[in-house]
Amino acid sequence: MLVRQSGTAATSQGTRWVRRVRGQGVLVIAVSLISLMSANGMPSASTDPSAATAHAMERVRHDPGKLREFLIGMPKGGDLHHHVDGAVRTERLVDWAAEDGMCIDQQSLAASAGPCTGTQRPASDAKKHPAFHKQIVAAWSMEGFAQRGQETGHDHFFATFPKFHGVAKRRMGDILAAVTQDAANQQLQYLETLVTRADTATADLAGRVDFTSDFSRLRTRVLAAGLSSVVDAALKETNAQERKRDVLLACRTGASQSGCRVRVRYLHQVLRAMPPETVFTSLLLGFELAQRDTRYVGINLVQPEDDVIALRDYRLHMRMIRYLHTLYPRARVTLHAGELAPGVGNISPQDLTFHIRDAVTTAGAERIGHGVDLRHEDNPQDLLRTMAHRKVAVEIALTSNRLILNISGGEHPVSDYMKAGVPVVLVSDDAGVARTDMTKEYQTAVTDQHFTYSQLKTAARNTLEYSFLPGASLWKGLDYTTRQPPCAGSVMDAPSDACRFFLRTSVRAAAQAQLEAEFLTFERQFSTDDAAHRD
């Protein structure tokens, strides 16, 4: 049998070892990694159990329970496409609504502050009436969804967020604590999470600014109207939410939970279905945040890509981003692009032909979220070559794509990206709404897209290589075969001084060293020498 225990509370010796090492700091992890590597920068044949691990996965590939048991303990690096408000388990939202004395409208099933009137019912009733609880969960997530009448999976998915928005807005600190702890339980060390900051203040400010396509003049107007105070408010929100997370997880105490060790960075998400002055103002806020605070690493556009306004202004938005990026080069750009499929939403055939390309070539996106309509793009092979050459990674959300766009199996282009040499990362998107987690995404990659263990491992490594963490990579080249010169010559029993210094100077390399140490621990469970302990 496998060493790992199923579920989020893994209790195997291997899991405990990983969490113990995480608590000792990145440098210790990196030292452990280097001492296990050979002089040419990779594990020697006698210490590399990856082939045995791959064989172990193949033995359970067609057994869902045992496959999840295997994958729950697999190190996964980071999640680079993670909407914080959509990531939390729906049942938690229902509990918080009840605790906060909120009301649920029995017709729309939207939550709002009490006291309850008219068709509203106390959220606390969900604890006493299972049918009501089930009804709320179904309305706030994709749980049990089956198309009935005109409502599609696409429509149901995007309709969930306004229903629980009132709960999420007042509980963002709780949500941050919950999702970071969930990430730790999924063997993640990094979240690059999408957040909307100071949305009301941003909309108010934008309402006082007349739009012009002269972006330089428009930026001047927005700054003069008081954007600096909106940036201050956004950072105040961030600080308050992180303090709440730290309290809930007992961070920086002797009883700190493993979620405290998950590094979090923020992408400011901009609502693309808004008037152009609002989109520009929110984009400028995101770029200013990245300029002011290193916790903010970049921007993204959200809301349905097929929305009427989002379609009308798509190319305008790409030009806005290109202009602002020239002024704020420290901010990074990742974009939802190509989250489209024929017959889904408000699109025409023409809309399917240019969104990914424009995100890459006009806006300069370094990563693409979804990219599902690849095969409908004009000259997709040329686009793939461009993405591969520029190393533009694609964030693959398999569960989300199936639920929203009804795209899975051979209809999904993930194999096209991989064959073309485009870096692929597996992501959760909105795990709470979609009723998924990162282990399920890895499992779906195996069962629906036929990933091998080696391909899963590359995808996990890609999450840190193509993250927006600062610093040089641990790796020389992008095939994960050779480490950077300061660490390539380290002997087995101790790292060189040069390697120690290198890891201290790069957050990215230190995180990658941690991931490699965790892979070695995970894979050793399946080595030939340990076979007797598994069978």
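**Briefing: Q189 and the chain around it**

The side chain of Q189 comes to 3.4 Å from the backbone oxygen of A511. This distance belongs to a predicted model, so the confidence values given below should be kept in mind, because coordinates that are predicted with low pLDDT should not be read in detail. The chain as a whole holds 27 helices and 11 strands.

**The setting of Q189**
- Q189 lies in strand β5, the strand that covers residues 188-195.
- With a relative accessible area of 3%, Q189 counts as buried, because that value falls under the 20% limit used for buried residues.

**The chain as a whole**
- Of the 535 residues in the chain, 57% are buried.
- When contacts between residues at least 6 apart in sequence are considered, 77% of them join residues at least 24 apart.
- The chain exposes about 21,100 Å², and carbon and sulfur atoms supply 52% of that area.

**Confidence in the prediction**
- The mean pLDDT of the chain is 90, and 88% of the residues reach 70 or more.
- Over residues 1-47, however, the pLDDT is below 50, although this stretch has 111 contacts in the model beyond near neighbours in sequence.
- Residues 529-535 also have pLDDT below 50, and this stretch has 10 contacts in the model beyond near neighbours in sequence.
- Where pLDDT is low, the predicted coordinates should not be read in detail.

Conventions:
Residues numbered from 1 in each chain as written. Predicted model: local features only at pLDDT ≥ 70, side-chain atom pairs only at ≥ 80, totals over all residues. Heavy atoms only, no water. Helix = DSSP H or I, 4+ residues; strand = E, 2+ residues; numbered from the N terminus. Buried < 20%, exposed > 50% of the residue type's maximum accessible area, 1.4 Å probe, protein only. Contact = heavy atoms within 4.5 Å. Areas by Shrake-Rupley, 256 points an atom, 1.4 Å probe, with all protein chains shown as cover. pLDDT = per-residue confidence, 0-100. Polar contact = N/O pair within 3.5 Å; in protein donor to acceptor, adjacent residues only side chain to side chain.
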